[in-house]
Amino acid sequence: MSGPLLHAARAEALMAAQGLDALVATTYQNVYYASGFWSFTQPLLRTTQVYAVVPRGAPERVAVAFPVGEADMAAEVPPHAATLIPFGVFYVERGDGPISGDGDARLLRLGIETPPERTAADALVAALAAAGVTAGRVGIDEVGIAADVLDRVRARCENVSFVPAARTWRAVRAVKTSEEIARLHRAARIVEDAIDAALRAARAGMTERAMARVFDEAVLAAGGQPLFAVIAFGAHAAYPNARPGERRLRAGDLIRFDVGCVYQGYCADLARTAVFGAPSPRQAAVYRALLAGLDAALATVRPGVSAQAVFEAAVAQARRAGLPHYRRHHVGHGVGLEIYDDPLLGPGQVTPLEAGMVLEVETPYYELGFGGLQVEDTVLVTDDGCRLLTESNRSLRQVG
């Protein structure tokens with residue numbers, strides 16, 4: 001509707017099915033998805049108010065309300081939104097120097113020349129009007145809007161009925177556009193290459209922290225932004241959320257990666273496992289079972305299959321393949337603008353998979369005193385099955 005990220009047809013269909021005349025985004029991910037405006041402040045200070053109004057059937061009337069202090073964000077990376085409405089107080093001066101280029105001109109217009117609305121509520125009311133939404137039923141993402149702002153907007157928009165729509169936004173985003181798939185593919189490749197760089201650097205005595213630094217530097221060099229890095233050696237790998245520390249790499253140690261990055265707003269979340277030296281028989285056997293479980297899950301992925309069925313296939317096969325006590329609460333999740341998009345691949349999750357979903361499918365195993373092993377791939381659901389977006393070596397790799 002408003003740009004290359006929003007799945008226009010899906011948003012229209014969901015609004016029609018739910019009787020909505022518009023959707024209002026309030027989190028920085030949903031605002032970016034709807035309009036192309038990326039807030040600098042909102043990820044750092046969650047009380048920051050930013051909104052994008054997406055009217056049903058009129059994509060050219062999308063409107064964004066944002067703090068005037070973020071006018072530079074709209075100036076440097078112009079959003080797709082048709083109407084930009086700043087609010088609040090912030091000072092950028094117009095000096096005697098030259099206005100050099102489109103960015104300066106946009107910042108001059110949005111940050112200095114455009115009279116801002118006084119409050120966030122004023123700006124949201126103005127954005128609704130600019131988008132042509134003066135009456136009807138509006139779905140608003142309740143996660144990012146302050147309660148007092150919504151109360152004031154409700155009082156001023158007597159002909160509009162506001163209903164919660166965070167779940168609706170997640171449902172729209174569950175199926176990706178081609179641009180989103182391209183960004184997710186690139187994010188996955190950046191992480192895979194960074195894992196390879198970290199393993200090439202493996203040396204006896206190297207600390208987890210030093211290996212994490214190699215990983216992060218490789219992500220940055222490739223144009224990504226490090227998101228998280230669980231990089232753990234030996235018995236420490238049994239800690240699911242292990243923080244890289246001063247543990248030193250020794251012969252026979254497992255090296256478990258559960259790592260991620262962000263590329264142009266889109267997340268990657270991948271896992272690989274290696275051994276420093278030759279793997280022990282048990283390390284090899286456990287990993288074979290986990291990989292068998294992952295492959296069974298991937299063989300199950302296709303449109304119409306429930307998320308729960310993928311979970312059941314993974315756990316059952318891991319148990320049959322040599323890990324009879326294997327237990328999990330889920331074996332993956334959707335991925336996109338958030339590290340956990342819908343759906344969750346877990347028990348009781350009856351959501352049917354759809355073509356265009358991008359999933360992280362994983363089979364981790366953690367055992368105190370032994371270590372942790374994990375393999376996780378990024379997969380695109382296709383019309384007749386799935387396609388891996390990850391390409392790196394999925395075996396239990398031997399380094400050193």
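How many of the 400 residues of the protein chain count as buried? The share is 56%. Buried means under 20% relative accessible area, exposed means over 50%, and partly exposed lies in between, with a 1.4 Å probe and protein chains only.

This is a predicted model: local features need pLDDT of at least 70, side-chain atom pairs count only at pLDDT 80 or more, and totals for chains, interfaces and linings use all residues. Residues are numbered from 1 along each chain as its sequence is written, and side-chain values use heavy atoms, with hydrogens and water left out.

Start with the whole chain. The protein chain has 11 helices and 17 strands. Both kinds of element are DSSP runs, numbered from the N terminus: helices are H or I with at least four residues, strands are E with at least two. The radius of gyration of the protein chain is 24 Å, close to the 21 Å that the globule rule gives for 400 residues, so the chain is as compact as a globular protein of that length. That radius is taken over C-alpha atoms, and the globule rule is 2.2 Å times the number of residues to the power 0.38. Along the principal axes, the C-alpha atoms fill a box of roughly 70 × 50 × 35 Å.

Next come the contacts and the surface. Contact means heavy atoms within 4.5 Å. Among contacts between residues at least 6 apart in sequence, 68% join residues at least 24 apart. The accessible surface of the protein chain comes to about 16600 Å². Carbon and sulfur atoms hold 53% of that surface. These areas come from the Shrake-Rupley method with a 1.4 Å probe; for residues, only the protein chains shown count as cover.

The chain carries 39 positive and 44 negative charges, and their mean positions are 7 Å apart. Lys and Arg count as positive, Asp and Glu as negative; His and the chain ends are not counted. Each charge is placed at NZ of Lys, CZ of Arg, CG of Asp or CD of Glu.

Now look at the rings. The structure holds five aromatic pairs. Rings of Phe, Tyr and Trp (its six-membered ring) pair if their centres lie within 6.5 Å; planes under 30 degrees apart count as stacked, over 60 as edge-to-face and the rest as tilted. One of the pairs is Tyr326 with Tyr365, which is tilted, at 6.5 Å centre to centre and 45 degrees between the planes. This pair links distant parts of the chain, 39 residues apart. Tyr326 sits in the loop between helix 11 (307–320) and strand 10 (332–334), and Tyr365 in strand 13 (residues 365–367). Both Tyr326 and Tyr365 are buried. Elsewhere, ring pairs link Tyr28, Tyr32 and Trp38 into a cluster.

Which helix is largely enclosed by the rest of the structure? Helix 7 (residues 166–173) is, because six of its eight residues are buried. They are Ala166, Thr168, Trp169, Arg170, Val172 and Arg173.

Leaving out residues up to four places away in sequence, Ala274 touches Leu199, Asp253, Leu254, Ile255, Leu396 and Arg397. Leu291 is 17 residues from Ala274 along the chain, and their C-alpha atoms are separated by 13 Å.

Thr48 lies in the loop between helix 2 (28–35) and strand 2 (51–55). At 9% relative accessibility, Thr48 is buried as well. Beyond its neighbours within four places in sequence, Thr48 is in contact with Thr41, Gln42 and Pro67. Ala210, in helix 9 (residues 208–221), is buried at 16%.

Two backbone details deserve a look. Most residues other than glycine have a negative phi, and most peptide bonds are trans. Gln264 has a positive phi, near 50 degrees. Gln264 lies in the loop between strand 8 (254–263) and strand 9 (266–276), and is partly exposed at 41% relative accessibility. The peptide bond from Asp342 to Pro343 is cis, with omega near 0 degrees. Pro343 belongs to strand 11 (residues 341–344).

Finish at Gly400, in the segment after strand 17 (397–399). Gly400 is exposed, with a relative accessible area of 90%. Its C-alpha atom is separated by 63 Å from that of Arg152, 248 residues apart along the chain.
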